[in-house]
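Subject: Structure for your review

Dear colleague,

Please find below the structure that I am handing over to you. I would be grateful if you could look through it alongside the notes that come after it.

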Amino acid sequence: MSKDVAERLLSESMNKAHEGRVYDFYLSGTSNYAADREFAKEQIARVPDLPWAARQNRRFLGRAVQHMINQGIRQFIDIGSGLPTEGNVHQVAQRFAPDECRVVYVDHDPVASAHSYLLLEGADQLDRNRPINGDLLRYEQLWETINDTGLIDPTEPVGLLLVAVLHFLPNDLNPHQAVAFYRDQVPAGSHLAISHASVDGMPQEAIDALLAVLNDYDRTTARALSRTRPEIREFFGEWPLLEPPGIVWTPEWTVDGIENDTIVGDIDAYQSQIVAGIAHKP
């Protein structure tokens with residue numbers, strides 16, 4: 001992707017809310033436009049905890065990467081990466097394993113990939129971190145594109161990251177088959193991190209509000225849905241979950257040996273609206 005193409009794609013996408021830029025707004029980022037801010041503010045009026053929930057999801061991503069680094073992983077594939085914002089995988093990796101890690105960022109939306117390219121290019125970070133445009137569901141083609149970057153050694157463990165992306169894929173698109181393909185491609189010692197919207201264990205009022213928000217994503221470039229914890233567990237296949245903590249609300253996910261940056265205070269964990277877990281390939 002050239003810089004000119006990336007800039008053109010961004011310019012053409014400004015008039016419709018984009019789920020990645022909405023998420024960026026929740027995180028108090030600057031990579032969003034008026035349409036994104038208008039949509040986000042409507043959802044925050046329904047569920048005021050959305051910005052806090054987005055931060056908890058982002059912090060889970062950081063803890064997941066740190067844990068994987070502690071397990072010796074030095075290469076990551078972030079599928080459904082969205083727009084680069086604070087706490088990107090390569091930033092976390094650089095902090096805990098300076099100049100040792102490689103990251104491939106994947107998003108199905110060419111706008112998100114274009115934005116990623118421009119930001120990484122501007123920061124002179126394209127040598128070890130590569131944004132590519134690809135569809136999670138077109139797994140054979142995407143895996144070929146990932147390999148073509150030259151950043152991933154297929155003989156070494158990989159950190160697969162599917163963070164806040166699977167809830168945009170309904171079952172009729174068969175996302176389980178796609179995730180199973182990725183699990184099969186990576187060697188023993190690889191880890192898979194998943195976070196996913198869920199209403200399990202929420203009070204009914206909170207369930208109704210969150211489902212209204214998820215349904216309203218029809219107005220963006222992707223519709224969202226909720227799954228139960230057993231349904232989310234299926235995406236890990238036969239890989240054993242790291243337990244504890246298992247599949248829990250994002251602010252509850254932590255393990256020994258990593259920094260716990262979660263500050264919940266008086267907010268109930270279910271208000272994070274997203275559950276998360278990590279499994280490894282024996």
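Predicted model: local features only at pLDDT ≥ 70, side-chain atom pairs only at ≥ 80, totals over all residues.

Residues are numbered from 1 along each chain as its sequence is written, and side-chain values use heavy atoms, with hydrogens and water left out.

Overall form

The protein chain has ten helices and seven strands; these are DSSP runs numbered from the N terminus, helices being H or I with at least four residues and strands E with at least two. The radius of gyration of the protein chain, at 18 Å, is close to the 19 Å of the globule rule for 282 residues, so the chain is as compact as a globular protein of that length. That radius is taken over C-alpha atoms, and the rule is 2.2 Å times the number of residues to the power 0.38. The C-alpha trace spans about 50 × 45 × 35 Å along its principal axes. Of the 282 residues, 54% are buried (under 20% relative accessible area, with exposed over 50% and partly exposed in between; 1.4 Å probe, protein chains only).

The largest pocket holds about 750 Å³ of space. A pocket is an open set of points on a 1 Å grid over the protein atoms alone, with protein on both sides within 12 Å along at least five of seven lines; a cavity is a set of points where a 1.4 Å probe fits but cannot get out, and lining residues have an atom within 4 Å of a point. Points are joined across faces, edges and corners, and a volume is the space filled by probe spheres set on them.

Helix H4 (50–70) is among the elements that supply at least two lining residues, and H4 provides the largest share, six residues. By class, the lining has 25 nonpolar, ten polar and five charged residues (Ala, Val, Leu, Ile, Met, Phe, Trp, Tyr, Cys and Pro are nonpolar; Asp, Glu, Lys and Arg are charged; the others, Gly among them, are polar).

There are two cavities of 30 Å³ or more.

Helix H2

Six of the eight residues of H2 are buried, so this helix is largely enclosed by the rest of the structure. The buried residues are Glu19, Gly20, Arg21, Val22, Asp24 and Tyr26. They pack against helix H3 (34–46), H4 and helix H6 (110–122), a contact being heavy atoms within 4.5 Å.

Backbone details

Most residues other than glycine have a negative phi, and most peptide bonds are trans. Ala164, however, has a positive phi near 55°; Ala164 sits in the loop between E4 and H8 and counts as buried at 19% relative accessibility. Asn174, in the loop between E4 and H8, has a positive phi of about 60° and is partly exposed at 35%. Cis peptide bonds join Glu243 to Pro244, with omega about -5°, and Pro244 to Pro245, with omega about 15°.

With kind regards
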